[in-house]
Amino acid sequence: MLTLDKIYQAAYTLKNVARKTDLLHAPNLSHETQIYLKTENLQVTGSFKLRGAYNKIASLTEEQKAAGILACSAGNHAQGVAMSATQMGVRSIVCMPDGAPISKVEATKRLGAEVRLVPGAYDDAYEYAIKLQQETGATFIHPFNDELVIAGQGTIGLEILDQLPDVDAVIVPVGGGGLIAGVACAVKSLNPNVKVYGVQAENAPSMARSRQMDEIVTLDTVATFADGIAVKTPGDVTFALAKQYVDDVVTVTEDEIAAAILALIEQQKLIAEGAGAVSVAAAMFRKLPIEGKKVVCLVSGGNIDVNILSRVITRGLVMGGRNSVLQIALEDKPGQLVGVSKIISDCGGNVVSVHHERSDANMAIASCFLKIGMETRDFAQIELIKSELTKAGFKIMTDRVQEMQ
């Protein structure tokens, strides 16, 4: 089993390879909790995965290296393996799900690996990689269920305790469990009083479900834009370590993840991918008992595709009450739009889109539906606008926030 000594040995191996990433105080993310961000999104290759990959590959014999390196990944482990193998002069092949972000696929190629895209999710890429390993005899570098990989990730725990000795809790993203297994082992071995919590996407809760059932559970499907933690089955090694060291594992929704990404951009000027932001989402949306505590949220990666980022920002604006679409029933006569626009303007809102719908079968022939998009400060301002429109005699049919809820 993993020991603290192995994590310290990994730290020595990584001292000239991985950055000791900054721990940033983030007072604007919560008024109830002292949040600090462990910025592994600023790590070399953009995520923590370099730590475990390099530590594992550095331990291989010359014979194992000569056979070539094989890995499977949703993207971040791929880059860590590619960079580590290339630096050591070793050939590498990485199997990735065909839905992996293009930015991660291209980055892996640039770092020197051969990429094989596999239809399906991470677990499908894993099955293909295992078959390929049997055919080629290459050395397989597991993304999470390996003691030396876990030890590499555990070096983050050592850094957190060095940077914030009086930390009360550490919140860690969870996919297959390698990151939280290593961090929790390091933290709990040095200070058992520190709480260690895991966070998963609500649509990919393999570790959370496994803890509930007290056995490893394989999900039928996973569906989350947090591709870095979209894992159907946790590892047996990581599950055992999580069971021993982790206090709880909770889940967050897609909308909560989007809101956390937006908050990190606006409040901290940091870019996080979905998997990297789940720890912040858990803190922001009060998923854990951390009020009044000093809490480190581990931002595990920042490799988000810019096309996804654009959509995530839009969703985050809606979740934060910054963007709303109202549908209003109007009499189809001149001046109606002017009246609606004036009320929104007087309340401080900004109209960004207008659409008239005259063909809906549910409306009167002399009526229309007006869909109007607005930029607003918060939900309170949206409610004020709706209230003033109602007072003026306009009938509000629905709004986008209500539809999402």
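Me: How many cavities of 30 Å³ or more does a search of the whole structure find?
Reply: This is a predicted model, in which local features need pLDDT of at least 70 and side-chain atom pairs count only at pLDDT 80 or more, while totals for chains, interfaces and linings use all residues. On a 1 Å grid over the protein atoms alone, a cavity is a set of points where a 1.4 Å probe fits but cannot get out. Points are joined across faces, edges and corners, and a volume is the space filled by probe spheres set on them. At 30 Å³ or more, the whole-structure search gives one cavity.

Me: What is the volume of the largest cavity, and which residues lie nearest its centre?
Reply: The volume comes to about 290 Å³. Lining residues have an atom within 4 Å of a point. There are 28 of them, and those nearest the centre are Phe48, Lys49, Gly175, Gly228 and Ile229.

Me: Which helix gives the most to the lining of the largest cavity?
Reply: Helices are DSSP runs (H or I, at least four residues) and strands are runs of E (at least two), numbered from the N terminus. Residues are numbered from 1 along each chain as its sequence is written, and side-chain values use heavy atoms, with hydrogens and water left out. Both α4 (76–87) and α8 (178–190) supply at least two lining residues. The top contributor, with three residues, is α8.

Me: Is Lys38 buried or exposed?
Reply: Lys38 sits in strand β2 (residues 34–39). Contact means heavy atoms within 4.5 Å. Leaving aside neighbours within four places in sequence, Lys38 has contacts that include Asp22, Glu159 and Cys297. Buried means under 20% relative accessible area, exposed over 50%, partly exposed in between (1.4 Å probe, protein chains only), so Lys38, at 0%, counts as buried.

Me: What phi does Asp214 take?
Reply: Most residues other than glycine have a negative phi. Asp214 lies in the loop between α9 (206–213) and α10 (236–245). At 47% relative accessibility, Asp214 counts as partly exposed. Although not a glycine, Asp214 has a positive phi of about 60 degrees.

Notes. 1 Å grid on protein atoms, 1.4 Å probe; cavity = no way out; pocket = protein on both sides within 12 Å on 5 of 7 lines; lining within 4 Å.
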